[in-house]
Amino acid sequence: MHDISGIRRIYYGYLGRALALTYITQRRTFFWLSWAGWLKLFALALFLAAWLLRWPRVIVLAALALAVWVWFSYWRARRMEFNKFVADETAVAPDDSPLPPLNPNHKVPLYASGVFAVKDRESFVLLRPAEFWYVPLGDHVIMVEQFTKSYLYQFFDAHTLLNVQAGWMLFGKRPLHTLKLTFLEQWGEAGEEVRAHTLENKTPAEKEKLPQRTVYLTFDTHERLNLVWHTIQKNTQKSPKTDQ
């Protein structure tokens with residue numbers, strides 16, 4: 001993120017930590033109430049106590065500001081699904097990568113975020129362990145371990161892939177190397193509209209009007225991100241659009 005201004009880096013650092021904190025406290029409980037619930041109740045109770053007990057105005061205003069900040073932070077985090085993707089405007093697709101693309105069925109470990117599905121069920125996951133690979137027929141597969149030995153999936157190929165973008169996911173104390181993938185939805189009722197069309201004959205503009213899905217693949221290293229990006233690029237040369 002060297003090309004991003006210092007002020008934005010400071011803000012992104014704060015936002016990443018705030019999103020991680022809200023997510024963790026939302027998932028952990030104490031006496032049948034989440035940590036987030038206790039924190040919001042404490043902030044509200046502190047303000048009410050300061051107001052009703054006629055504490056000094058400065059303390060009342062500070063307690064009000066704290067309560068507003070806490071409640072707003074959780075509202076915003078839920079709205080953002082507890083993460084934010086920042087595009088790397090300087091990223092270039094690795095056309096001339098010295099490393100060859102992955103061989104068919106070679107799996108790459110990563111962390112996945114977004115909505116994934118299996119049969120008639122779909123769920124949102126955030127930074128769950130996952131694997132990426134592609135098969136000789138051209139399908140690219142993302143398999144996510146939602147729970148122990150319980151998996152969700154997404155698939156795309158040269159005809160359904162719309163967009164690939166490199167960047168960072170803000171979650172925690174440091175930005176995470178991430179690929180943003182957008183492709184046509186193929187699951188459930190939304191996917192029926194996609195499956196009903198002959199995609200090979202559609203223009204990029206026509207495809208973008210069909211139901212879409214966006215997921216995020218996060219990697220431990222930038223080299224692994226480039227390897228997967230290179231593999232997707234080499235195996236989806238007919239895809240309508242690949243951002244750089």
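## Overall make-up

The protein chain has six helices and 10 strands, and the structure shown here is a predicted model. Of the 244 residues in the protein chain, 44% count as buried, while the accessible surface of the chain comes to about 14200 Å², with 58% of that area belonging to carbon and sulfur atoms.

Among contacts in the protein chain between residues at least 6 apart in sequence, 65% join residues that are at least 24 apart.

## Confidence along the chain

For the protein chain the mean pLDDT is 87, and 85% of the residues reach 70 or more. This confidence is highest in helix α3, which covers residues 57-79 and has a mean of 96, and lowest in helix α4, which covers residues 188-195 and has a mean of 55.

## How helices α1 and α3 pack

Two packed helices are described by the angle between their axes and by the distance between the axes. Helix α1, made of residues 6-27, packs with α3 at an angle of about 85 degrees, and their axes are 10 Å apart. Angles of 65 to 115 degrees count as roughly perpendicular, and therefore α1 and α3 are roughly perpendicular to each other.

On the α1 side, the residues that take part are Tyr11, Tyr14, Leu15, Leu19, Thr22, Thr25 and Gln26, and they meet Trp69, Ser73, Tyr74, Arg76, Ala77 and Arg78 in α3. The residues of this contact divide into seven nonpolar, four polar and two charged.

## Two buried residues

Tyr12 lies in helix α1, and it is buried because its relative accessible area is 10%, which falls within the range under 20% that counts as buried. Although Tyr12 and Lys84 are 72 residues apart along the chain, their C-alpha atoms are separated by 9.2 Å.

Ala50 is found in helix α2, which covers residues 35-52, and this residue also counts as buried, at 1% relative accessibility. When its neighbours within four places in sequence are left aside, Ala50 is in contact with Trp55, Val60 and Ala63. The C-alpha atoms of Ala50 and Leu61, which are 11 residues apart along the chain, are separated by 8.9 Å.

Note on methods:
Residues numbered from 1 in each chain as written. Predicted model: local features only at pLDDT ≥ 70, side-chain atom pairs only at ≥ 80, totals over all residues. Heavy atoms only, no water. pLDDT = per-residue confidence, 0-100. Helix = DSSP H or I, 4+ residues; strand = E, 2+ residues; numbered from the N terminus. Axes fitted to C-alpha atoms, helices over the stretch in contact; angles between N-to-C directions. Parallel < 35°, antiparallel > 145°, perpendicular 65-115°, else oblique. Contact = heavy atoms within 4.5 Å. Nonpolar A, V, L, I, M, F, W, Y, C, P; charged D, E, K, R; others polar. Buried < 20%, exposed > 50% of the residue type's maximum accessible area, 1.4 Å probe, protein only. Areas by Shrake-Rupley, 256 points an atom, 1.4 Å probe, with all protein chains shown as cover.
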